[in-house]
Structures are given as C-alpha cells and as structure tokens.
Amino acid sequence: MSKTLNYTEFRSRIGDLRGKEYWRSLEELSRSDAFDDFFQDEFPQQAIPLQKGVGRRDFMKLMGASVAMAGLSACSRPADAIVPYVNQPENFVPGKPIYFASVMPLGGVGTGVLVESHQFRPTKIEGNPEHPSSLGASDAFMQASVLGLYDPDRSQVVRKMGDTATWGDFIGAVQPLLKEAESNGASLRILTQTITSPSLGAQIQSLLALYPGMKWHQWEAVSRDNVREGSRLAFGRYLDTVYDFTAATVVVSLGSDFLGDGPGHLRYARDFMSQRRVRRNTTQSVNRLYAVESGMSSTGSVADHRIAIRPSQMEGVARAILAGLGGGGAQPQLSAEAVAKVQSLIRDLQAHRGTAVVIAGDEQPAVVHALAHAINTQLGSIGTAVRLIESIEVAPVNQLASIQELVRDMESGAVRGLIVLGGNPVFDAPADLNFTRAYEKVPFRAHLSPYYDETSLRSHWHVPETHWLETWGDLRGHDGTVSIAQPLVAPLYNGRSAYEVVGALIGGLDQASYQAVRSYWFGRGATEESWRKWLHDGVIAGSAPQPAVAAASAPPASTATTPAGGIEIELRHDPTIWDGRFANNGWLQELPKPQTKITWDNVLLVGPRTADKLGFTAEERDKLSNNLETRFAEVEYRGVSMRLPIWIVPGHAEDVATIHFGYGRELAGKVGNGVGFNTYPMRFSDALHGGSGARITMAAGPTYPVACTQEHQSIDPKVVGERGIIRSASFEAFQKNPDFAHVGQLGSRPGEHDESLYPDWDYSNNHAWAMVIDTSVCTGCNGCVIACQAENNIPIVGKEEVTREREMHWLRIDRYYRGDPDDPQVFHQPVPCMQCENAPCEPVCPVAATSHSDDGLNDMTYNRCVGTRYCSNNCPYKVRRFNFFHYADYDTPALKPMRNPDVTVRTRGVMEKCTYCVQRINKAKIEAEREGRRVRDGEVVTACQQACPTQAIVFGDMNDKTSHVAQLKAEPTNYALLAELQTRPRTTYLANIRNPNPEITPAVEPDTDHH
Amino acid sequence: MAIGKIREGLYGVIAEFNDPQTLLTAANQARESGYTSIDAFSPFPIHGLAEAIGFHKSRLSTIVLTMGVLGGLGGFFMCWYASVIAYPLNIGGKPLNSWPAWIPIAFECAILLAALGAVLGMLALNGLPMPYHPVFNVRRFDSASRDKFFLVIQARDPKFRPEEARRFLETLGPREVTDVPW
Amino acid sequence: MAQIFHRSANTLSRVTIFGAIFIAGFVLWVIGGIVRSPYVTNQGVHREQPVPFSHQHHVGGLGIDCRYCHTSVETSSFAGIPPTSTCMNCHSQIWTNAEMLAPVRESFQSGRPIVWSRVHRLPDYVHFNHSIHVTKGIGCASCHGPIDRMNLVYQASPLTMEWCLDCHRAPEKFIRPREEVFNMNYVPKNQSVLGPELVKLYGVKNKTHCSACHY
Amino acid sequence: MAKDEKPVHELRPESQAERIPERFIPVPTIEPGHSFSTVTDHISTIVLRKRTPIGWLLGFLFALGGVGILTISMAVLIGKGVGIWGINHPVGWGFDIINFVWWIGIGHAGTLISAILLLLRQEWRTSINRFAEAMTLFAVAAAGLYPALHTGRPWYDFWLFPYPNTMGLWPQFRSPLMWDVFAVSTYATVSALFWYVGLIPDLATLRDRANKLWVKRAYGMFALGWRGSAKHWYRYEHAYLLLAGLSTPLVLSVHTIVSFDFAVAQIPGWHATFFPPYFVAGAVFAGFAMVLTLAIPARKFFRLEDFITMKHLENMGKILLATGLIVVYAYAMEWFYGLYSGNIFETYMLKNRATGPYASMYVALWICNGLAPQLMWFKRFRTSTFWLFVVAMFVNVGMWLERFVIIPTSLHRDFLPSSWGMYHGTFWDWSFFVGSIGLFFALLFLFLRFLPMISIFEMRTMLPEAQTHPEHEEAH
C-alpha cells in the first residue's frame, strides 16, 4: 500500500517533532538532492513496479533526442553559476582529485582501497598497494561500490511501518525493550552478519554486557561455516588459514575458487600468478595447479589439470589424497582417467613436500576442510605455504546454528524484539527455517539496511544504513590486518552505520561512528600521529595476528553418506551480485559472469553430457544460441520445483547442475527488481551448498532470452585455431621452442613482414603508448572490465539491449575453449582497443571523428561523430561501441557526481571505444611537462591495468626501450591479434603457457595449429 | 534583339508550312535569295534546318570543356587543401596527401560543373527564358509545337520590305502567310 | 495564339533567377557571420555579478597578482575562484561596511557561498588545463584580454575551436617569457625572433591532434 | 477507365495520303499510321484531360499511405535513435544501407537508357527514356533518404559537406562515404537537369495544347518560352548530346563509388577488387527489372502499346539476360577468389554464406538472380508481358537479397569469433523500406499525371513524315 505524501502533509508531520534530532536531519535532508526527489517521487514505499528501468530509459532517449536537436542550433547560453567555497579547505586544489585510503567490507572481511575524490566526491576506487589483501588490485565489487554509493534507490528515511519517521522516534521506541532486556533473559536479540571490525565487536560486547537479556546472532548468506567447522574438526578450535602462494609449487584446489572469490583472492591471484610469468629466460619450473571441482570456476579455468567431479565425490578424492600421501591406496569412486589423474596428482604432491598446498573451497563440507588441513600437515606445508592464524572474526560461531536458534526462539515467542543490523535474512535465510514466518511473530522488529528491502518490508522499523564510503569504521583483511575506514562523503541519504545504532542502544543518541572507532583505538594505545599514519597508509602495521601453532589431528571418521542419486545440485552465490546484495547495481548486473558471459540473469548450469541426457541436443542449442535464447528446464529438488533456463558450460561435471542464488529480488530497487530467478527456496539448512537427488527435465513451452555477451554456440575450433587468436603451449614445449607462437602460417612477429606501400609515420620523437597483455596469468576475473566502466563513465544498457548485442563495455574478456568439451582448456583474452597504427577505422570516417594522435593513439572525438558506424564495421576486432540509444543516464541527479569529470559523457548516436585512458595519459604528460621532464615508465597506469590482480596488463611507452612494456614486446611469446591484416596493433599479447604434469599430458611438440 | 521593349510596327512576316520538307526547302530558298535575319520554327529538330537559315556553330563545347576542367581541378584542390594544408591529421597512418583518394571527388566535381555548363550555357545562348516573344502573337503559332512548321523573315533584315517578303513567302507553298506584330 | 505572358515576364524571369542565386549566397554569408558573432560566442558579453567586483580596480589599480585569488592556475586545470575568505582578508580591514560588499560579508557570516555567474565556459567535451598553458608561457591576457582594464569581466576571445587552433598551430606568435605570463601590460618586442626561441626553450609542440583537448 | 479519351485507332487518319517507302522507317518502335498530331494529342491528352482516372487516384492514395508510414518512421527515428533498427555491434549497417544501394541501383537504368542508348543511336529508347529518367530521379530520392537518416545524429549531417566552419575542420576525403556524398548529389543533379532539358519542348507543347489560362501559364513558366526556333533546336540537341556524354561516365562512376563503400573496407565479403563492375552490372540489371515492372502495367493502363511496343520489352528482356549473366559471373568469381586466394577469412565467409544461419537468403539470391533471368533465352518468354513481369519481380527481390547477403551476412561473422552476432530487421526497418517504396510511387504517380511520360517531340522524329530528304540542298 503505497501512499503519496505531499509537502504540507510532511510539514504537519514533522511540525510536532521536537529535539535536535529533527533539526539535524532536516538540515541533512535539505542539503541532499535526494530531499527534492523525496517529494517528487511517490513516497518510496517500495511499490515500484517490476520495471527494469528500461521504460524510463526509453523516455530518456526521446528527451535526449530533443535535447540534442536543440543542441544543433548554437544559441547564446544563459550564464550558469560558479560557486566557490566560503573557506577553502587546506591542501585542496580545485580541479585536482585527492586520494584517501579506506577499506571495503565484503562478507565481513576488508580489502584496502584508495578512493579517488573529485571536489570531495568519491568517483573511483583503486586497491591500496599497502594492504595485504589487495596489493593495489581491485575486484568488480570494489569498483562497482561507487555506483552503490550514489544509487538513488537507496533507502533515505527512517521508517515506522513503512511511513516516514525519525531517528529519534526509533531510539525512543527501543527504550522499553532495552529496559526489559536489562532483566529478563534473551528477550532482545540482535542479528548481524560476519563481523571482523574490532571496534564494532567491542561495542557489541559492551552492549551485551550492559543488557544481560540481550543475545547476539550472526548470519551471512555466503556461509563460511564449513571453513570454521573444518578448522575445528582439525585443530579443535576456530582458526583461519592464510596461504602464501609465492612459496607454493604445486597447488591442489578441492573445489576452491581462491583465484576469483573469497577473502584475500586478489592477493592469492597475485601471488599465485607471480610464479608463472614465463619470460625468455625463465628456467626454474613454474608452479602447477590442479583443480578438482564440479562447476567451472575462475581457478578451474586457468588450472593445468582440472578434474570435474560430483560434489559428493569430493570427500572421497580428499581421502584418497591423504591416504596416498600416507602410502595407503584408498580409491575415489571416479572414472578411470580421473583416478589416474588423482594418482599422478598425489605423486606430484609427494615430490613437492613443503611447497605443495591443498586448499578446500568454502562450499566444501567441513570434513573436506579437515582433510585438507590434514594433508597440508602431512605435506609439511603448514608454516611454509600455509599459515594458521586465530580467527579474524570478533566472535566466530557456527552461523547456521546461530540463526537456527534464533528462529526457534522466535517461533516459541521467546523473542520480544529483534534488531537486524545489516543483511536481508527474510530473503536469504535457509528456506526450511521459514525465517519470515518466525520473524513476523516478533513484536518488535527493526532493520538496518541500505535499501528498503524484503526484510525491511516485514519490519516495524527500518533505519537506512550508510554505505561504507560514508562512515568511519575498521575491518580486518583476510590475514587479520586491520584498516581504518574513513568516510569520503557525508551520508548522502542520511543513513546510520551499525556503529551509530549500537552506540545509540548503549546510550547517547549521538554516538557517532567516528568516536566509536577512534575511542576504541585510542583506548589501545593509538596516538594522534599513529592514527594519522594509519589513515594515510590505510593499514595498521603489524595488526595481523601471529601465526597460531597447531597440527591437524588425525582425519575424522568418514561422515560420507551415499548420495541419493539423481542429479546433484551445486548451490553457489552469484559471481557478480553476490548473495543478492548487489542486485540493484547496474554495473554488476551487466557485468558478464566470468565463465558464462551471461548478464542480468542466473541460469541452470549443466555440462554437455548432462544436456544430451536431458535431450537438449547440440543442434537445438546452436539454433537457439544464435539468437541468444535457451529453453527452460524443470528442476525438482527435495520437494521444490522450479523452472530455470538451462545453460551448457563445457567442462561442467556430469550429472551436476550448478545454480547461483542472489537473483529474483523483489525489493532490490528499480534496477534489480524481478531480475533473474530466486533460487533461495532450494537452499536447505542441512544442504546449504546443494545436495543430491534432484530431477531435471526439459520443460516444453516458450524459449527464454539470455543476455549473453559472447556467442557461445560451438564455434568450429579450427576457426579459432587457424586465425591464431589464441596461441598456447606447455612450459616444456616453450623451453624446447620459445618461438612457438610464431611458427606456421602466423609466423610473423609484430613488426615483421609488415611493409607498406605508404611511408611509415614517425613516432620516434614522441611517446608511443602500447600495451601487452599476458594471457597466461589472466583469470578472467572481470576486475579490468568494470574498472574501465567506472573510469570512463560507460553506461549500462539493460538486458533487452544486451540481448540485441549492444553492450557498451570498452574492454571485453573473450573466452575460448580448447579440446574435449567435457574437459576443455579455457583461455581468457582481454580485448581493449588495439590502437592500431594503421587503424582501419580511421580512413572510413567521413568527418575525421577518429584519427591518430602524435603518440599514435587512435583518438575518438565524440563531439565530432555523426554516427555512420562505418568505423565499427571496419574494425577487425569489433572493439568499437555505439550509442544506439541515449544510454547515458542524464536524468538521475544522484548519479551526476559519480561520473569521472575528466571523461566526456557520451550522448546518443556517437561511437565510443577504449582510449588507453587518454585522460590519465594527458594528466601524466602535463605533470611531466610542468616539471620539464619526460613521462616516467609506470607513471601512466590505465584503469584496467591498475585493477588487474595478476598484473596481466602492462602499459607504457614503447619508444622508451627500458620500459617494462618495451621489454615484454621483445619477448618471444609476444604476438599481435590478426597481425596479417597489417593493422599494426599497439596492443599485443603474450602467448598462453601452462605447466601440465607430463605424467598426464605428455609434452607434445609445440602445437603449430594454435588452438 | 532587345526584349520587353514595346516597339512599333512589324517584327516580321511569317509563313506556315504543313511538313518539314517544305520548310527546309523554303528556308534554303530564303537564305539563297539573300535574306539574313530569318528564323524557322518546328515541333522537333530538323537536320540541316539551322544551316539552312544560315546558323552554323555553337560555342557550347568550349563552355562545357572549361567548366569540366575547372570542376576537376577544383575538386582535387579542395581535397588536397583540406587534408594537407587546412588541418593535417594522421588518418590511419595514411600520408597526408593520399592523392588516389581525391580522384573520385575530383571526377564528380568535373561532371557536375560540366553538366551545369551544358544546360545553363544552352539556355543562356538561346536567350531563354523568354516567356514573351512576338511570334506568339501569330494566331496559329501554337501548332508550331504540334504539327506545323513556320518560317519568319524579320523586319530588321536590311533586305526586308513587308510586301516583298510576303510575296516571296507566298511563292514557297505555305499554308498561309501572316504579319508578326511586335 | 495570344501571348500567355506579359512582356515584362522576360525581364522578370531573369531577375528571379539571378536574384535567387544572389539571395542564397547572401543567406549563407549571413549564417557564417552569425555563428562567429557574440550572439553565439558570448564574446564581449558582460555578466551581472552578485558583487560588482572590478578587476580594473584590483588588478589595474591595486596591482594585485592574478594568483592571489586564482590560486591553482599554476598547478591545476582549473584556475580557481577565490573563496569568500580571500575577499575578507582585506575587506575585514578596509571598506568594512561598504554597501557594495554586503553580500560578501553576508556570505562570510552565514557560510553560504557567493554564487558568481560564469563568464568563460567551454563545452563539457573540451578539456582545457590552465597550468600547462601558464607553464608554457601563454599569458593570461592572451586569452582573457585586458582583464586589468575590465570593470565587469567579459569574455574577450570568441573561444571557438578555430580560435584555439590559431595558437595551437603557431604558438610562437603568442608565447611569452614565463616571468611575463601574469603581466597584463606585456608588450612583446620582436616576437618574430623571441617567439621561436621560447618555443624551443620551453619545448612547446603544436598540439592539433584531437585528444589534445577532446576525450 | 476514362471515357473522354479516344482510343488510338480512332485517332488514325482514314486515308494515308503520302505513303513513305518502308526503308525510311528505321525500326517499328512506333506502330504505323501515326502522324505528328495523333502522337502529340494522344500523349498530351493523358496529361491534359480533365477527369482523373479512378485507377490513378486509388494508386496515388495507396502510395501516399506509404509516404505516411515513412513520415511516422522518420519521426520515431529522430525521436528515439537508430536503435529502433535491428543493427548491433558486429552488424553496424542493415536495411538502411541495403535499401540505399538497392534504390541507387534501380536508378541506374534510367540514365543508361537515356544516355548510353542515345549515344549508341538506339532509337527504340525514345519511347521509354522519359519514363526511365523519371524513375531514376525518384529512385535516387528514395535512396538519398537512407544515408541521410542512417547516421546516429542526422541533425549533424551537414558536417559531411565541405564548408568553412568555426571548428576549422573539413570532411575526411579519404572516406568512401564522402565520395558517396559527392557522387550521389552529382548524380541527382545531373539526372534532374537531363530530365528537365528533355522536358522543355514537351512543356511548350502542353502550354500550347492546354485550354485554361492558368494551366498554360503553369506549363509556360517551365517551358521558359520555348518556341522551337531552329537555332534553339541546334544548341538544344548539342547540349543534350553533351549531357548524354557526361552522364555515361557519371552513371558508371556512381555505382562504382557505392561499391567502394565495401571494396575499400577490409571485411571478408566486402574487400574485393571486382566490386565496381559487379555493382554496375547489378545496377543495370536491377534498373531494367524495375523499368519493366513499371512499364508493363503503365503501357496497359494508358494504352501505350503503340509507343512502347513489344520490341522495347523484348530488348529489355535481352539486357536483363546479359546483365544477369554478368552478375552470376561475379557471384562465381567470389567463390574463385575466396578459394583460390586461400585466405582463411574469405574461405570462411563463403562457407558461412552457403551454410551459415543466412544460407536461405543466399540460395534465394541464386534462384532470383541466377535462374530466373535464364528464361530470357527463349523468345516465348521474352515476348510475353506476363513472363517478363514475373522475371522482373524476381530480379527486384533478388537484387535486394544480394545487398543483404553482402552487408549483414559479411559483417555478422568477421574476424574474431568472440564478437560474432546475428542481425534481424525490426518492425521499423520494414516500415522504412515500405515507406520509401511509397515515396517512390507517389512521385511516380504525380509524374504520370502531370507530365508526358513519353517524350512527345522525340516521338515526332520517329514518324515517317519527319524524314527530310537531303537531295534538295545539293539540288541548289
């Protein structure tokens, strides 16, 4: 029931409020644009129809058109305002960005960031090189959180039963419960997500101390219970495991996607890949990765050997490995060749005791974790490549048990009040608990969350939560290092942080997060200068816990139960919208999933064999996939039945279906509402990560459009091969013939045999910007794609437009398979603009809207473009992007401050493309010129390069022979895409080199067919 | 002849014939008998008629040629100037003066100007447009655009005597002979 | 057959034809004029300001250096508009209760900024950087004109692309010694000799490729 | 049908007084028994008659409907953007450029008939050239819509013309699109001039035949006071000949340049040296098909069998066959180049055409342009208006398909398999196509009603009586 609220009504309502709360909030309100929207929009009671914002865009296109039409006639501009400060802040230079260190939470764990701030408006996130979990790299979630910050759909007022109220009201309303909680037991509960923040932890502890009748529960949908329980099985207590892949030569992943997901994955990816950068003179062996998993993960996609098994077989494999190391010969129930692989895997591990690591995935059962610990102990890797530390959480608990207890008590009526600090349990609690029903039995329900979401709707009280860029705080990194989070901007939508709420519960309405954090650390010996240093560095040096000494106890007795047969379901959080919390983030929605390249959806992922069994024939797949469509499949799993679009992933284990949860939100916001399918109903507390016994049948009826950004029907491998798009070899083959990338008909190296009738342009007395991308170390994690989007104001287009193949990403990651569809090799190839010296796009432009700069950049001049699209047609790499409609969102005021002021926002009807971040180049050149020097190597860092966790992208000046990029260009493995077209690309690639186990794949002669 | 001025007296004497052959013969005789300012009118071009009334060459070819050459050079110059002088840009690594690329435009410009030259030149030389002309005063002249053929001896002809001219035309086997007033 | 048209039609038709050609040409010429006129470029248009700040008085008269107020001109793309506090540095001492300065004091007390109206405005797709131009010896006056003689500031140059190109193509015509950049009354002696020297000295390049300004 | 018009046979004079020896009749491009007056009256009556035939009205209204659709489509396009079409990232050009090339091609027959056949002294051209030229003009008008509207920001199209501007910028003359701008605009201008010059004497005729003064004035204004003076005729013919001489290389250059749009690019399927002759032949092919499509009904409707005789139709049928064979040769050469060059991209492009998702289009193309015209080998079909019409229709469709095969089918799978895609025309793509056809016919109907569709004065020269004997001159 949404009611609209007119101004007078609002006046009358706030008229009889008293106290400084009200004044404070009104001041805040009246400052933010949001305030105006607040009146214009219908009162935000989440009655927003399930529209995907496309209708709105359509309207904007019309407006945009008329605006553009008006723009055609040059008319005298009205004077526009220019507003200086009254008192200009210290060390602030107008027109120059400032960088602040902070830390971003995800699943409770922090990753250090540097935030670029223009006029004190955060516009871009970079990784903090000082921070152990980042080392300067950043992932999609970090990059996209800028959009999350400005998201106009965020909740903007305190609500009581959905109607607007004030912070004061809320605090007032809690008081009676607090009274109660002083005496009688466990009447008031708080539910949080995983918390590693020391100061927030301390606050909660003191809160609990203050109110004995209060109880603290934790629930994080992306559950790491198995990790905790695994460590307890092995060591008797909760320990966290930190890996050092720089010290690892053989790595076995038991269903772990440590390169693409989970705490510290950025650091892990960097460390791991640092061991496989094969260069001309690499002699010492590179590391080797075995991936045992069901679905295809980023880790699996770069593994040297991948063993696709059913989830239920994982324990067997783990036991076999452990037994094998102990000399025992337990056989996993696997196919013959899989068993063979496991055997040579074991031998490989034995050969590398002390430097071999086995790592189990968060989704794996606790016992697998325990076994992994045991194996690592066996291998003697604990202390070398594996480090054990005391849990970084404030209060590690079995969160499943915790929420189960909460639900039980709510059902029994024991719970008088529940304050949910963050999270969305109504949406993401295990289905069988029926959290909602229990929740609605609680007489006082308050919810702190950034959106007015499913849980808020069922709560009496809703308090808008601050974005992490708006509040003070502190967080531990994956290795326990603490960072202080500092706000980059005052709360845009007058939200409250958990610190403030807890503080308010403790007493004192004005317990600001700043005081909370500061007092905590000053209570622990912080001084002004140390505090300053922490803020500046973004880390508290030496705050990481010391390694815990512990040995894994003997492997516990098998708990393996024989699977119920049928198809096994693997449940995972979504790779781009996580547990659903990012559902309203358009950048993440439109970000192609790393392996499937699907956007705006979650689908039922199965392997080719399974598809055949289901009667979904290859021919039909091809026919449908031409038009980006697929059929529905009926999934019946433990009484739940659901229709999901089916999708085939090569390499996906047989008889396993992977389902991502997080989609199908109803109250996510204009962008995320009703996108995808809600699969949480399949999540049972005894099988959080899936189970067996599912029945899948192809459903008749209409097909379903899937917005997949890469044509995925079986491409004749010859096509990819003979075109030399991907060139790869084993490390052995490389050592035999470092030139393998240049044999056969693709012989010519960049710069060889590309004579032209025309005299060459001379770039020698200028810079010659160039890029090299190392395909061996790219994990396809998408960090670069979305970093580019954030840096260059790239719009999103919505699912419909993506299905029309009109996505706008300047940088895409092409994914190719090679070999057996059931056990393929996967190749990731990031494709930005090649910046060809003989750019085919330029001579065909009738208005010279695209031309070459003195530095050899392939410039695109938006304001000159009339939009004939000829350049795009003539681009062999198809990297040009056209604004078919008015994609850029001009109408939402809230999003304006988010844009990068150094990059033009493109209007409808113009072409755009990767510019090598020319704004950064020009900035660096101007700096250098001002200091009368040449631009230094590494001074210009493109957005994609900066984000890349594995440093696969290197950018610089080719003319400077000492530059990193120039050296890589000299590498034997350096090759250009479609070099035979004489386009002379400035972007080149290093061929893909893997290190397979000769036992499994005997070293072939360097493959000349370059699949 | 000056247009639009009201003149006194006759413009000339005109004879109407039924078929092209007679007109052609008549025109020849008129010329041979010494008349210089004569003109013939027919519903379609008759070969030899112009020569018969003593009209030989038109300067059209020269006009068209000059226009064509101008157009060609102009087009080429425009391309060269724009790309080499006015705003030199590195376009896809091609040289500034990629002259082969200028040829199509030079060619088109040549054709365009030549064609304009031909049409406008023809009209100008013919003194068209001229919606008003004395011969339109002749009652039956509208059939000059249908099926009849006319021969006029103009008054300005030094040898012109109205009666003589009339008599002379009568001898040529016309359908009828009439005066053409100004 | 009677005449269909009057005699005058002959003259009329000619006049129409040549008239049409003439008018077409004239219209084009006029349009060409309009797009370069102040009506379009805002060249020389005075903007009313909340406070009638006179550069003539402060710069010409008192000889205050540009950088006193436009602090970031040497370091940033944006020259900077002085905060109210800068005005108050002096005006807390002198003219403390001049009627003219009431808005300044008001702003300083209330903390509400003075809303000036912008005089020089480039489109969003043009990226101009003050610091590099100043460093390379392009004087303020070269673009902003005789600021020291302006009572209310107006836009001295057309700020059209062809105008920018005049200098980007031939910087030697406009470049001046760095120390003279902020000198409003600088008169070059023998620019023809000095210009090329400075261009060499400061390593100035003719930047006419698109991404020099558009990106 | 309009009753007030006398059928031709009644217009013929009973007694044929002066019999002209057969040898003076060049070719029977006009049925015997006509005289200056009958020819003049018959053709001019079609224009000058008071009552407008109901058939014409219906046809015109129908065409206007198409124009309406076009107008709406244009409004939506300007309002929302080219995104309303089916184009996407691999396929940047779709119906827009397909239709452009299709229309331009159709236009070519007009110029060819009026110019080249004139130079070749093919007198049979006389009765169809006016009609064909008009068709050219309207086809070019329809074609012109597309390049103008296909841009993302049509309101900046004027940047494609060289003029001094405040940006100090010029067009980029290396771009085939710039060549197009010049070629198409020149083509439009010259065709218009050619057509108008041809009309002047006939306008004079209409001026003199018309009854109402304002009608006389209307035609008179455009007749420029033509009075058929011998000197005028002399210069007139000279100019006309020169125009023909200029139009011939022009018409060849126009489609050559259109073909450069593709040949100059490097997409497999575009990047081919034989495109210019291939396109020109295709254009003539398409053009004659369209002339037949229009002439056959028109001749029936306006009872012009006497002037557009079977000989004309048969000749056009032969040309259809000849040009058709050239086009087929080009299709074959594509395969030869693709396979013989051993270029992997070319080879795949051909494979994809023949077996890819658009294979059906490619097969249809062969049927329409390859097989159908072969009927023209046989006199039976060449001389049957029905079969000529059928074949012409096939060719019209086939030529459209040819452009579809060349443009989207080459683009949708070019170099990197990762960025392959599919292309489908949307509702608006079709509405634009239908709309442009509507525009074409609307203009054509206006022409048929208000201007003589056959050059009257040239028909007169066809008549036996028009023959003058040169002996007389020698006699004296």
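Student: What is the accessible surface of chain B, and what share of that surface belongs to carbon and sulfur atoms?

Tutor: This is a predicted model. The accessible surface of chain B comes to about 7,200 Å², and carbon and sulfur atoms account for 63% of that area.

Student: In what order do the elements of chain B run?

Tutor: From the N terminus on, the order is β-α-β-α-α-α-β-α-β. That gives five helices and four strands.

Student: How many residues of chain B count as buried, as a percentage?

Tutor: The share is 58% of the 182 residues. To count as buried, a residue must have under 20% relative accessible area.

Student: Why is the pair of A:Y916 and A:F955 called edge-to-face?

Tutor: The structure holds 98 aromatic pairs over all chains. In the pair of A:Y916 and A:F955, the centres are 5.0 Å apart and the planes make 75°. Centres within 6.5 Å make a pair, and planes over 60 degrees apart count as edge-to-face, so the pair of A:Y916 and A:F955 is edge-to-face.

Student: What does this pair tie together?

Tutor: A:Y916 lies in the loop between β37 (911-912) and α29 (918-930) of chain A, and A:F955 lies in strand β38 (residues 953-957) of chain A, so the pair ties together parts that are 39 residues apart in sequence.

Student: Is A:Y916 buried or exposed, and is A:F955 buried or exposed?

Tutor: A:Y916 has a relative accessible area of 1% and A:F955 has 2%. The cut-off for buried is under 20%, so A:Y916 is buried and A:F955 is buried too.

Student: What makes the pair of B:F77 and B:W80 tilted?

Tutor: The planes of B:F77 and B:W80 are 45° apart, with 5.8 Å centre to centre. Under 30 degrees would be stacked and over 60 edge-to-face, and the rest count as tilted, so this pair is tilted. Both residues lie in helix α3 (residues 60-86) of chain B, three residues apart, about one turn of the helix.

Student: Why does B:F77 count as partly exposed?

Tutor: B:F77 has 48% relative accessibility. Buried is under 20% and exposed over 50%, with partly exposed in between, so B:F77 counts as partly exposed. B:W80, at 29%, also counts as partly exposed.

Methods
Residues are numbered from 1 along each chain as its sequence is written. Chains are lettered from A and ligands numbered from 1 in the order in which they are written. This is a predicted model: local features need pLDDT of at least 70, side-chain atom pairs count only at pLDDT 80 or more; totals for chains, interfaces and linings use all residues. Side-chain values use heavy atoms; hydrogens and water are left out. Helices (H or I, at least four residues) and strands (E, at least two) are DSSP runs, numbered from the N terminus. Buried means under 20% relative accessible area, exposed over 50%, partly exposed in between (1.4 Å probe, protein chains only). Accessible areas come from the Shrake-Rupley method with a 1.4 Å probe; for residues, only the protein chains shown count as cover. Rings of Phe, Tyr and Trp (its six-membered ring) pair if their centres lie within 6.5 Å; planes under 30 degrees apart count as stacked, over 60 as edge-to-face and the rest as tilted.
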